[in-house]
Amino acid sequence: MGPLVVGVVYIDNDDALKEIGVKDSKKLTPKARDRMYDQIIDAADHWTTVVATAEMID
């Protein structure tokens with residue numbers, strides 16, 4: 001099994017995300033997520049990505 005990759009975005013007011021068209025990421029196509037990425041990062045107060053290997057999880 002490969003690594004577990006988790007991304008988290010925190011934004012205090014979600015109006016900017018609504019303007020971008022952000023919804024449940026599982027309901028968006030990969031192309032739509034790629035298109036929105038920079039806009040989301042610009043709107044976010046904080047964001048991070050964490051990678052946990054299978055060895056770390058075990």
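A salt bridge here is a side-chain nitrogen of Lys or Arg within 4 Å of a carboxyl oxygen of Asp or Glu. The model is predicted: local features need pLDDT of at least 70, side-chain atom pairs count only at pLDDT 80 or more, and totals for chains, interfaces and linings use all residues. Residues are numbered from 1 along each chain as its sequence is written, and side-chain values use heavy atoms, with hydrogens and water left out.

**View 1. The salt bridge between Asp14 and Lys18.** A search of the whole structure finds one salt bridge. The side chains of Asp14 and Lys18 form it, at 3.8 Å from N to O. Asp14 is partly exposed, with 39% relative accessibility. Lys18 is exposed, at 59%. Buried means under 20% relative accessible area, exposed over 50%, and partly exposed in between (1.4 Å probe, protein chains only).

**View 2. The chain as a whole.** The chain has three helices and two strands. Their order from the N terminus is β-α-α-β-α. The radius of gyration is 14 Å, well over the 10 Å that the globule rule gives for 58 residues, so the chain is more spread out than a compact globule. This radius is taken over C-alpha atoms, and the rule is 2.2 Å times the number of residues to the power 0.38. The C-alpha trace spans about 40 × 25 × 15 Å along its principal axes. Of the 58 residues, 17% are buried. Helices (H or I, at least four residues) and strands (E, at least two) are DSSP runs, numbered from the N terminus.

**View 3. The largest nonpolar core.** Seven residues make up this core: Ile11, Leu17, Ile20, Leu28, Ala32, Met36 and Ile40. Two or more residues each come from α1 (15-20) and α2 (30-43). α2 gives the most, with three. Such a core is a set of buried Ala, Val, Leu, Ile, Met, Phe, Trp, Tyr and Cys residues joined through side-chain atoms within 4.5 Å.

**View 4. The largest pocket.** Its volume is about 420 Å³, the space filled by probe spheres set on grid points joined across faces, edges and corners. Of its 19 lining residues, Val9, Arg33, Tyr37, Ile40 and Ile41 are the closest to the centre. β1 (4-10), α2 and β2 (46-52) each supply at least two lining residues. α2 gives the most, with six. A pocket is an open set of points on a 1 Å grid over the protein atoms alone, where a 1.4 Å probe fits, with protein on both sides within 12 Å along at least five of seven lines; lining residues have an atom within 4 Å of a point.
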